[in-house]
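Biologist: I am new to this structure. Please take one part and look at it closely, then follow it into its surroundings.

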Amino acid sequence: MKKGLERAPHRSLFKAMGYSQSELNRPIIGIANSRNEIIPGHIHLDKITEAVKVGILQAGGTPIEFSTIGVCDGIAMGHIGMKYSLASREVIADSIEIMATAHPFDALVLVGNCDKVIPGMLMAAARLNIPSIIISGGPMETGRFKGEEVSLHDVYEGVSALKEEELRELEEVACPGYGSCAGMYTANSMNCLVEAIGMGLPGNGTILAIDARRIRLAKMAGFKIMELLEKDIKPKDIMTSHAFQNAITVDMALGCSTNTILHVPAIAKEVGIELNLDIFNEISDRTPHLCNLAPAGPDHLEDLDKAGGISAVMNELSKKGLIHLDELTVTCGRIKDNIKDATVKNPEVIRSIDNPYHESGGIAILYGNLARGGAVVKQVAVAPEMLCHIGRARVFESEEEAVSGILSNQIKKGDVVVIRYEGPKGGPGMREMLAPTASIVGMKLDKDVALITDGRFSGATRGASIGHVSPEAAEGGVIAVIEDGDEIEIDIPNRRLDVRLSDREIKERLDKWRPKEPHIKQGYLFRYAKSVSGSNKGAVLS
């Protein structure tokens with residue numbers, strides 16, 4: 001876009017913005033910045049981006065910043081806004097593809113932080129396949145309430161557990177400053193997996209947003225993008241099949257958000273790798289759960305960082321041959337080079353491979369007549385007494401109906417709450433549903449009540465919450481014909497999810513089933529619902 005006599009008009013337009021010829025002679029590095037003033041994890045990304053620019057300039061490049069969108073899942077939760085959250089991932093990927101193709105940058109630095117932004121950026125990096133690096137804004141510091149560490153999920157659970165005065169006090173302190181929310185929710189899960197897959201520098205997932213090391217890491221990302229360009233190391237050189245296996249292994253050891261089951265296959269698809277759900281069970285079965293992070297446990301990202309971070313976790317996993325060590329990373333070195341000096345500094349935050357919290361990983365994929373395409377549960381966040389459960393179905397046609405039913409005490413001990421028509425097509429948009437799960441926990445029912453849905457859950461969810469049921473109700477999945485009182489059998493150790501109906505009964509009900517009118521009949525979500533795949537395929541667009 002800038003070389004040769006025929007590009008004189010193009011150079012003229014650059015010069016209209018104040019770029020000098022010497023700047024145009026250097027490699028031009030695009031910086032995709034998702035900074036905005038509506039997401040706590042993004043409001044400070046201007047500082048991260050400025051640090052990246054310093055690194056690029058010092059290493060001899062010309063940085064050019066452009067923007068992309070982002071949705072705050074916490075603020076979008078519980079209303080129509082959440083329908084747009086997962087769907088925003090595709091817009092983010094598409095917008096970066098558009099900008100980096102219309103203006104052919106030599107390389108890309110992707111500055112983001114939260115939920116669908118990081119996966120969308122990785123999808124774009126894979127699609128474009130020019131030298132690229134991710135630098136996140138870092139996690140939020142935890143709050144303090146009555147002498148205890150707290151974060152966002154405590155506020156959601158407090159809605160049904162605390163008196164109004166206490167809730168207002170908690171609201172003031174739970175999120176004390178900028179950064180991605182402090183638990184192992186989706187944002188922090190994905191930022192940690194960016195390290196594991198090799199697309200982010202060590203520390204990307206765990207260094208706090210307020211820590212000066214985060215600024216230094218951003219400068220280093222600016223330096224490294226120039227080295228990646230010089231050595232022509234591209235995302236497809238890094239995001240290999242073994243790299244995705246490393247990411248899933250770290251996911252299981254950390255106990256990450258169930259949303260990673262949507263994002264990792266979607267990213268893999270962009271590099272031409274198909275990840276079916278079975279690989280998650282295979283890796284989970286052989287990977288011990290080493291970290292007990294909120295909301296499942298007491299520790300937070302700052303504790304994980306002090307204990308050695310993702311490099312220490314990977315080093316520990318490598319002792320049993322669970323990590324592919326020769327994979328290339330954005331350091332321009334191999335995984336083995338990145339983690340060789342990493343040590344565990346707190347063996348309670350990062351357990352040894354021989355003394356895990358659980359013998360198998362954080363997530364399980366369930367199959368059965370209720371989920372022939374699979375369903376997802378964060379098994380390490382389930383009370384032991386709920387790992388196997390048989391209960392009567394209490395069926396709701398939406399999240400709003402379910403929350404109303406739970407808060408009006410319609411749910412009894414032993415019940416299985418069923419929320420349907422919340423999948424990628426049926427929602428549309430596959431809303432995260434933290435309110436119903438948090439209400440169940442807040443009412444002290446998480447050891448007695450399960451919840452299943454064709455929608456998805458926030459990374460802040462805990463309890464026997466089973467999501468991503470596939471096929472979804474809108475596609476005529478069995479979840480569409482469950483009735484109040486049907487017995488549902490959950491057997492997480494044996495990876496089963498069944499309704500106690502005969503094949504004949506199920507067929508008779510499905511023969512009578514008719515699709516519902518779509519909730520949204522215009523705009524982006526209308527188009528999205530027409531072309532989105534099932535959750536078991538990553539909810540990608542065809």
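Modeller: Start with N409, which counts as partly exposed because its relative accessibility is 49%, between the cut-offs of 20% and 50%. The model is a predicted one. N409 sits in the loop between α18 (399-407) and β10. Its phi is positive, about 60°, although N409 is not a glycine.

Now take D232. It too is not a glycine, and its phi is positive, near 55°. D232 lies in the loop between α10 and α11 (235-238). With a relative accessible area of 43%, D232 is partly exposed.

Helix α10 covers residues 212-231, 20 residues in total. At 1.5 Å a residue, it should span 28 Å. The C-alpha atoms at its ends are 29 Å apart, which agrees with that expectation. Its buried residues are R214, L217, A218, A221, G222, K224, I225, M226 and L228. What covers them? The cover includes β1 (28-33), α3 (45-58), β3 (107-112) and β4 (132-136).

Follow β1 from there. Six of its six residues are buried, so β1 is largely enclosed by the rest of the structure. I28, G30 and A32 are buried on one side. I29, I31 and N33 are buried on the other, so both faces of β1 are covered. Strand β2 (residues 62-67) runs parallel to β1, and six bridges join the two. Within that pairing, T62 of β2 is the bridge partner of I28. The chain passes from β1 through α3 to β2, and this β-α-β crossover is right-handed. β1 also pairs with β3, in the parallel sense, over five bridges. There, N33 stands opposite V111.

Strand β3 holds G112. G112 is buried, with a relative accessibility of 0%. Setting aside neighbours within four places in sequence, its contacts are S34, H42, L45, V117, I118, M121, I135, S136 and G137. A450 is 338 residues away from G112 along the chain, and their C-alpha atoms are 34 Å apart.

Next comes the nonpolar interior. In soluble globular proteins, nonpolar side chains tend to be buried together. Here the largest nonpolar core has 102 residues. I96, V109, F244, L254 and L304 touch the most other members. Helix α6 (residues 117-128) gives the largest share, nine residues. F244 touches I197, M239, V264, I267, A268, V271, I273 and L275, not counting residues up to four places away in sequence.

G427 and P428 are joined by a cis peptide bond, with omega about -15°. P428 lies in the loop between β10 (416-419) and α19 (434-442). A cis peptide bond also joins S470 and P471, with omega about 0°. P471 is placed in the loop between β12 (465-470) and β13 (487-491).

Finish at D498, in strand β14 (residues 496-499). Its relative accessible area is 16%, so D498 is buried. The side chains of D498 and R496 make a polar contact of 2.8 Å. Beyond four places in sequence, D498 is in contact with G368, N369, L370, E487, I488 and E489.

Terms used:
Residues are numbered from 1 along each chain as its sequence is written. This is a predicted model: local features need pLDDT of at least 70, side-chain atom pairs count only at pLDDT 80 or more; totals for chains, interfaces and linings use all residues. Side-chain values use heavy atoms; hydrogens and water are left out. Helices (H or I, at least four residues) and strands (E, at least two) are DSSP runs, numbered from the N terminus. Buried means under 20% relative accessible area, exposed over 50%, partly exposed in between (1.4 Å probe, protein chains only). A polar contact is a pair of N or O atoms within 3.5 Å; within protein, one must be able to donate a hydrogen and the other to accept it, and residues adjacent in sequence count only if both atoms are side-chain atoms. Contact means heavy atoms within 4.5 Å. The expected span of a helix is 1.5 Å times one less than its number of residues. Two strands pair if DSSP finds at least two bridges between them. A crossover is right-handed if, with the strands pointing away from the viewer, the path from the first strand over the helix to the second runs clockwise. A nonpolar core is a set of buried Ala, Val, Leu, Ile, Met, Phe, Trp, Tyr and Cys residues joined through side-chain atoms within 4.5 Å.
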